[in-house]
Amino acid sequence: MDRQADRIERLLAEMTLEEKVGQMWQANLGATTVDESFEALVAQGAVGSVINAIGREAVETLQRIATQRSRLGIPLLICRDVIHGFRTVFPLPLAQAAGFDEDLVARCAEAAAAEAAAAGIHMTFAPMLDIGRDPRWGRVAEGFGEDPVLAGRLGAAMVRGLQAGLGSARGGVAACIKHFAAYGAVEGGRDYAPAVCSRTDLFDVHLPPFRAAIEAGARCVMASFSEFEGVPATADPWLLGHVLREVLGFDGVVMSDWDAVRQLCVHGVAADEREAALLAIRAGIDIEMFGDAFHRHLPDLVRDGQVPESRIDESVRRILRLKEWLGLFEAPVPPPPSPPPPPLALCREAAERSFVLLRNEGDTLPLVRDGLQTVAVVGPLADAPREQLGTWIFDGDPALSVTPLAALREMLEPRGRVLFEPALQHSRASGIRDCEALRKCCHEADVVVLVLGEEAILSGEAHCRADITLPGSQDLLVRYARQQAQRLIGVVLAGRPLVLTPLLDQFDALLYAAHPGTMTGPALARILFGEAEPGGRLPASMPRAVGQIPINYARKNTGTPPLPETTVLMQDVPVGAGQDSFGMTSYHMDVGPDPAYPFGFGLGYGSVAYEALRLSSRRITAGQSLRIEVEVANRGKRATTEVVQLYIRDSVASCTRPVRELRDFARVHLAPGERRSLAFELDEAALAFCGRREQPVAEPGRFDLWVGPDATGGLHDWFELAG
Ligand code: GLC
């Protein structure tokens with residue numbers, strides 16, 4: 001047995017039952033100072049990990065008590081939410097997803113982990129891998145969008161990035177992936193509501209990102225608050241035992257979410273906290289976060305014979321293994337490396353990649369500085385250093401933020417003139433503050449940059465919205481600015497896709513980004529003036545109307561799919577039309593079947609043509625892979641980076657399959673006039689799905705494929721997987 005395993009077994013043999021249960025409690029310090037009662041708990045060995053210990057001093061105090069005053073000297077695991085940055089804030093995960101760039105996500109995570117480790121943090125609760133297909137849900141901000149392949153690839157990249165620096169001077173943190181499982185399917189987009197999805201969707205949509213992140217090395221999983229099929233995840237042995245450990249093969253630590261054990265009483269599956277502790281330990285929870293049901297009831301449950309001590313040993317063994325893997329016994333507090341300088345250049349690069357250009361009439365963008373004397377910067381998010389950071393920013397420092405206003409002033413003045421008018425007090429404000437000032441500001445400018453969207457607080461945990469249009473009087477502001485502006489450029493910063501449809505034609509150009517973080521301003525300024533390109537593609541569909549939700553590109557065909565020739569919109573229906581006079585297919589007659597903008601969509605500053613799609617074969621057998629080659633050419637006058645996307649459709653299968661499923665993507669840089677050939681490989685695993693099975697299987701038959709710029713266009717071909 002190796003030295004680490006030996007130490008674990010030796011400790012287990014020495015530990016009292018209370019000390020074992022102590023390892024299973026993650027207590028919340030939530031402060032920079034450690035009070036006497038908390039000291040006493042740690043000194044008794046009653047606490048195994050701590051959440052929200054803020055700052056190195058508190059961490060060092062806690063570790064000194066744990067390692068020097070407790071009987072066995074087991075170090076604490078220090079945890080904190082570092083969802084998209086620590087002090088320096090990267091774009092929201094939803095914004096990073098727009099980049100379709102694993103390497104960038106990994107680099108941002110590595111930089112965030114270095115800052116977090118310098119503050120004494122050992123593990124963070126990220127990446128969030130929940131598939132968000134309902135933008136009313138506030139937590140779509142924290143995920144990687146609506147597609148399992150994109151979320152899996154980027155989630156795995158974030159795990160690698162967070163953990164890359166472990167054991168090095170740079171420092172890293174362990175990734176605790178979350179929330180297991182299907183939390184993104186909460187009913188009505190209401191946080192904490194039941195997860196409503198089929199088992200086939202559980203296995204084919206919500207689990208694949210967890211499989212990818214576990215394969216990437218994640219050693220901790222957080223159970224979801226939500227229930228699935230009537231059982232809260234925290235109390236679900238099928239989900240946490242069979243699915244997570246047997247189907248996905250996970251052998252690490254499973255943690256409850258905040259107070260979720262006690263919440264089993266509120267859900268109504270436990271009569272009291274003793275029963276809640278019993279259900280949770282039986283389901284497979286190893287660590288209880290925040291609540292103390294384990295602390296108060298597990299020892300008695302063991303002594304009463306309701307829980308075998310071997311089950312407690314299982315959890316403690318996993319927890320000690322995690323602490324060993326992190327090297328905590330040797331270095332309970334990572335040496336204080338000189339805190340890394342804020343990675344602002346990387347932040348800006350990531351922010352540039354998060355902007356999606358939705359509309360660019362007459363090539364309004366990029367702007368040409370010569371001849372542009374006055375730029376008006378208007379709107380509630382034009383100079384809002386805190387709001388541009390987005391949600392889940394416990395330690396983010398707004399003082400580091402560079403806003404759109406500050407960046408445009410830096411770039412354009414004194415040669416040019418930058419006027420500023422917030423127009424609204426904040427994003428929800430009703431009524432324009434000073435119409436005359438706004439009129440004058442817009443009227444005097446050669447171009448108006450209107451920065452709109454949501455304050456950070458309007459998305460994130462528990463912050464769901466039933467109406468996901470622009471809040472407050474922003475629609476009024478857009479129309480007013482349109483009347484006054486020669487050229488109107490809209491910039492929408494939000495924590496979710498929004499319904500912008502009624503306003504789209506008001507803008508000459510429109511950029512959208514999920515909150516892009518600390519360097520929002522410089523990224524936007526460079527994009528507006530062509531020093532950078534809007535590099536994003538939508539990671540989630542932009543609905544035409546909230547009534548379309550849930551909406552995503554990977555829809556099922558149904559037996560009566562909406563076809564262009566049979567899709568009649570309400571305004572075109574003749575009065576007195578008979579019952580079967582039109583449609584009879586699956587769509588909403590008032591808005592049609594399509595979102596305002598589809599998954600994968602985003603304009604660039606070039607003009608890319610897709611040509612010459614070639615397949616290595618029309619037929620592959622099991623074990624073979626298919627090579628797909630495509631030629632892309634930039635017919636524009638400016639360099640551009642295209643996100644080439646590969647989709648498939650399993651045309652006939654044992655279960656209905658989506659009309660399209662993303663299977664691969666690649667960013668390719670093209671100089672003006674440049675033509676490049678790209679190749680993708682599709683192997684049997686890429687063709688597999690679960691359906692009503694618990695493991696994915698590739699079924700023989702015909703597959704359609706597309707290579708294109710988003711989930712609706714592209715070059716089409718097909719091939720067969722032989723039986
Ligand atoms: C929250 C969230 C979870 C977070 C945890 C600790 O309630 O659901 O994502 O990591 O508590 O803050």
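Modeller: At 16% relative accessibility, N552 counts as buried. Keep in mind that this is a predicted model.

Biologist: What cut-off makes a residue buried?

Modeller: Buried means under 20% relative accessible area. N552, at 16%, therefore counts as buried.

Biologist: Where is N552 found?

Modeller: N552 sits in the loop between α19 (520–528) and β17 (608–615).

Biologist: Which residues is N552 in contact with, leaving aside its neighbours within four places in sequence?

Modeller: Those contacts are R133, E146 and S541. The N552 side chain also reaches the backbone nitrogen of A554, at 2.8 Å.

Biologist: Now a helix. How do I read its faces?

Modeller: Start with the general idea. An α-helix has 3.6 residues a turn, so residues three or four places apart point the same way. Now take α1, residues 3–14. Its 12 residues reach 16 Å from first C-alpha to last, close to the 16 Å expected.

Biologist: Which residues of α1 are buried?

Modeller: R7, I8, L11 and L12 are buried in α1. Seen down the axis of α1, the buried residues fall within an arc of 130°, so they line one face of the helix.

Biologist: What covers the buried residues of α1?

Modeller: The cover includes α2 (17–23) and α14 (309–325).

Biologist: Which exposed residues does the face turned away from the buried side of α1 carry?

Modeller: That face carries R3 and A13.

Biologist: What does D2 reach at the start of α1?

Modeller: A side-chain oxygen of D2 comes to within 3.0 Å of the backbone nitrogen of Q4.

Conventions:
Residues are numbered from 1 along each chain as its sequence is written. This is a predicted model: local features need pLDDT of at least 70, side-chain atom pairs count only at pLDDT 80 or more; totals for chains, interfaces and linings use all residues. Side-chain values use heavy atoms; hydrogens and water are left out. Helices (H or I, at least four residues) and strands (E, at least two) are DSSP runs, numbered from the N terminus. The expected span of a helix is 1.5 Å times one less than its number of residues. Buried means under 20% relative accessible area, exposed over 50%, partly exposed in between (1.4 Å probe, protein chains only). The arc is that of the directions from the helix axis to the C-beta atoms. Contact means heavy atoms within 4.5 Å. A polar contact is a pair of N or O atoms within 3.5 Å; within protein, one must be able to donate a hydrogen and the other to accept it, and residues adjacent in sequence count only if both atoms are side-chain atoms.
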